[in-house]
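Thanks for making time this morning. I would like to walk you through one model, beginning with a helix and then moving on to the ligand and its surroundings.

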Amino acid sequence: MARAAVLGRLTWQVGTVAAVRDETATARTIVLDVPGWPGHLAGQHVDVRLTAPDGYSAQRSYSIASAPGSGKAGPQLELTVQRLADGEVSPYLTQTLEVGYPLELRGPIGGWFVWDPAAAAPVLLVAGGSGVVPLMAMIRERAAAGSRAPFRLIYSVRDPGALLYGDELARRERVGDGLEVRYAYTRTAPPGSGQPTGRISAALIASAGWPPESSPAMFVCGPTGFVEAAADLLVRAGHDSGAIKTERFGPSGGQP
Ligand SMILES: Cc1cc2nc3c(=O)[nH]c(=O)nc-3n(C[C@H](O)[C@H](O)[C@H](O)COP(=O)(O)OP(=O)(O)OC[C@H]3O[C@@H](n4cnc5c(N)ncnc54)[C@H](O)[C@@H]3O)c2cc1C
């Protein structure tokens, strides 16, 4: 796998869109058939390249949402893309791309922000907005591999309409095999929930995370400002900074 990953990242290949699935009004999952895909680890990403007829090309990174080994008939990858209204690439991926279209990609990329299903340590996942995508790959891989490593996800999202994978997370949590999910709604909480809105805080990290004595593995992903704030809260809570792995999605600061 390690060798395949190193070779694969250098080579552009063409996947074909097998299906698309709207996750929210502005986010879409793209299922890709990728013949010869070398396999990936939960947490890795791909580079996607779009090329215009005049040769102009734009390249962006997208985390792999699916667990390694998904796709019954052949290798498949799922990407979930959040559309930015003024973006160059994400509107094409979420609005124009259709089943049967080719998509140029290379990967898998990244050997640091990955979860090993053989690891038994408790895991804390902290997601801001679409930063949940690589963390979802870890949650899916946990189930696919039959791991019982206890997982806690703290997911900060603007409002219930912006929630990615809400039904699937609820279903996986109901299984009761060690996945717990806590939401932090920054603007609007679900109607009737009585849940206060707000950014992730020291109190939330303390109540929904793990105590430092549990020595959890920690993965934090989202917009740059969110990741910095969350990692800072974890360090202030007494966690070992070396155990906190972060992935920054974009140049924009702030919370989702
Ligand atoms: C390792 C990695 C993994 C990523 N995985 C995902 C993923 O799984 N799903 C996903 O939707 N995105 C992901 N991203 C972000 C993605 O690469 C693009 O940055 C994003 O889709 C915007 O591209 P664009 O061309 O539409 O916007 P651009 O034309 O690049 O930017 C348009 C405007 O939005 C701002 N902007 C750029 N990126 C962001 C951002 N992430 N958040 C807020 N504002 C931004 C820019 O400053 C600019 O003002 C990932 C980024 C990295 C580095």
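Predicted model: local features only at pLDDT ≥ 70, side-chain atom pairs only at ≥ 80, totals over all residues.

The buried residues in question are Thr-224, Phe-226, Val-227, Ala-230, Ala-231, Leu-233 and Leu-234. For anyone wondering about the spacing in that list, an α-helix has 3.6 residues a turn, so residues three or four places apart point the same way.

As for the helix itself, α6 runs over residues 224-236, which makes 13 residues, and from its first C-alpha to its last it reaches 18 Å, close to the 18 Å expected at 1.5 Å a residue. After α6 comes Gly-238, and the phi of this glycine is positive, near 105°.

Let me turn to the ligand. In total 22 residues surround the ligand, and the closest are Arg-60, Ser-61, Tyr-62, Gln-82 and Ser-90.

An oxygen atom of the ligand lies 2.6 Å from a polar backbone atom of Ser-61, and a ligand oxygen is found 2.8 Å from a polar backbone atom of Val-89. With Ser-90 it is the side chain that takes part, where an N or O atom is 2.6 Å from an oxygen atom of the ligand. The protein covers 77% of the 900 Å² of accessible area that the ligand has on its own.

Finally, I would like to follow Ser-61 to a partner within the protein, because the side chain of Ser-61 makes a polar contact, at 3.0 Å, with the side chain of Asp-47, a residue that is buried with a relative accessible area of 8%. Asp-47 is found in strand β3, residues 45-51. Leaving aside residues up to four places away in sequence, Asp-47 touches Trp-12, Gln-59, Arg-60, Ser-61, Glu-104, Leu-105, Arg-106 and Ile-109, and of these Arg-60 and Ser-61 are also among the residues closest to the ligand.

Note on methods: Residues numbered from 1 in each chain as written. Heavy atoms only, no water. Helix = DSSP H or I, 4+ residues; strand = E, 2+ residues; numbered from the N terminus. Expected span 1.5 Å × (residues − 1). Buried < 20%, exposed > 50% of the residue type's maximum accessible area, 1.4 Å probe, protein only. Near = heavy atom within 4 Å. Polar contact = N/O pair within 3.5 Å; in protein donor to acceptor, adjacent residues only side chain to side chain. Areas by Shrake-Rupley, 256 points an atom, 1.4 Å probe, with all protein chains shown as cover. Contact = heavy atoms within 4.5 Å.
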